[in-house]
Amino acid sequence: MELAAISDHIAEGLQILFVGYNPSIRSGETGHHYANPSNRFYRILLQAGITPRLYKPQEDGDLLEIGYGFTNIVARPSLTAAEITADEYREGRRILKAKIETYRPKVVCFVGKGVYEQYSGRRGISWGSQPQPMVEGVVDYVCPSSSGLVRMKLEDMVAIYRGILTSLVEPV
């Protein structure tokens, strides 16, 4: 059974647009971003000071009210990002760039280095704000994937995510 893509939560004037690889199977089943119980996304946002409280995946649409949106480079849910094909990335790259150009968030946070590498075509990038954004006037910010499969310590991930707040106050 193929799961349907989950809806973007996106609007003009966002502070941050979070971009993942693609939805997990659990997200595909529930229709909510970062819904896998092992995913640390919402806990990281709270601990980094990005959200005022711990949100649940089913509240992902509520984050639009505080200026945060969600999308993915590939819409099709899968068990792992390794299942995404080159054609899906190619098409996703084109669609994602059009979304960013249309909605123009202040910061686009790529939730995983590989997401940004697929989007930008660049390799050997570092965490944080990227020196040459793909869309002028929009900050490209790279964070670790919040997947439970990632072995980075939570506090190290939180420190990288916390840097997004600096990107929001600096002039673009």
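Buried means under 20% relative accessible area, exposed over 50%, and partly exposed in between, with a 1.4 Å probe and protein chains only. The views show a predicted model, in which local features need pLDDT of at least 70, side-chain atom pairs count only at pLDDT 80 or more, and totals for chains, interfaces and linings use all residues. Residues are numbered from 1 along each chain as its sequence is written, and side-chain values use heavy atoms, with hydrogens and water left out.

**View A. Arg122 in the loop between helix H4 and strand E4.** Arg122 is placed in the loop between H4 (113–120) and E4; helices (H or I, at least four residues) and strands (E, at least two) are DSSP runs, numbered from the N terminus. With a relative accessible area of 26%, Arg122 is partly exposed. Leaving aside neighbours within four places in sequence, Arg122 is in contact (heavy atoms within 4.5 Å) with Tyr116, Glu117, Gln132, Pro133 and Met134. Gly121, which follows H4, has a positive phi near 80°. Within H4, the buried residues are Gly114, Val115, Tyr116, Tyr119 and Ser120. The cover over these buried residues includes E1, H3, E3 and E5.

**View B. The open sheet of five strands.** The strand order is E2-E1-E3-E5-E4, and the pairing is mixed; two strands pair if DSSP finds at least two bridges between them. Strand E2 (68–72) and strand E4 (128–129) are the edge strands, each pairing on one side only. E1 (residues 16–20) runs parallel to E3 (residues 107–111), with four bridges, and Phe18 has Cys109 of E3 as its bridge partner. Helix H5 (residues 154–169) lies across E1, E3, E4 and strand E5 (139–143), and runs at about 170° to E5. For such angles, axes are lines fitted to C-alpha atoms, for helices over the stretch in contact, and angles run from 0 to 180 degrees between N-to-C directions.

View C. E1 and E2 pair in the parallel sense over five bridges, and Val19 stands opposite Thr71 in E2. In a regular strand, side chains alternate between the two faces of the sheet. In E2, Tyr68, Phe70 and Asn72 point one way, Gly69 and Thr71 point the other way, and all are buried.

**View D. Lys99 in helix H3.** Lys99 lies in H3 and counts as buried because its relative accessibility is 18%. Not counting residues up to four places away in sequence, Lys99 touches Asp8, Ile10, Thr71 and Arg104.

**View E. The largest pocket.** On a 1 Å grid over the protein atoms alone, a pocket is an open set of points where a 1.4 Å probe fits, with protein on both sides within 12 Å along at least five of seven lines; lining residues have an atom within 4 Å of a point. About 520 Å³ of space lies in the largest pocket. Of its 25 lining residues, Asn22, Ser24, Asn39, Leu79 and Ser147 are the closest to the centre. The lining has 10 nonpolar, 15 polar and no charged residues.

**View F. The second largest pocket.** Its volume is about 160 Å³. Of the 13 residues in its lining, those closest to the centre are Asn72, Ile73, Val74, Ala75 and Ile95. E2 and helix H3 (86–103) are the elements that give two or more residues to this lining, and H3 supplies the largest share, five residues.

Technical notes: Points joined across faces, edges and corners; volume = space filled by probe spheres on them. Nonpolar A, V, L, I, M, F, W, Y, C, P; charged D, E, K, R; others polar.
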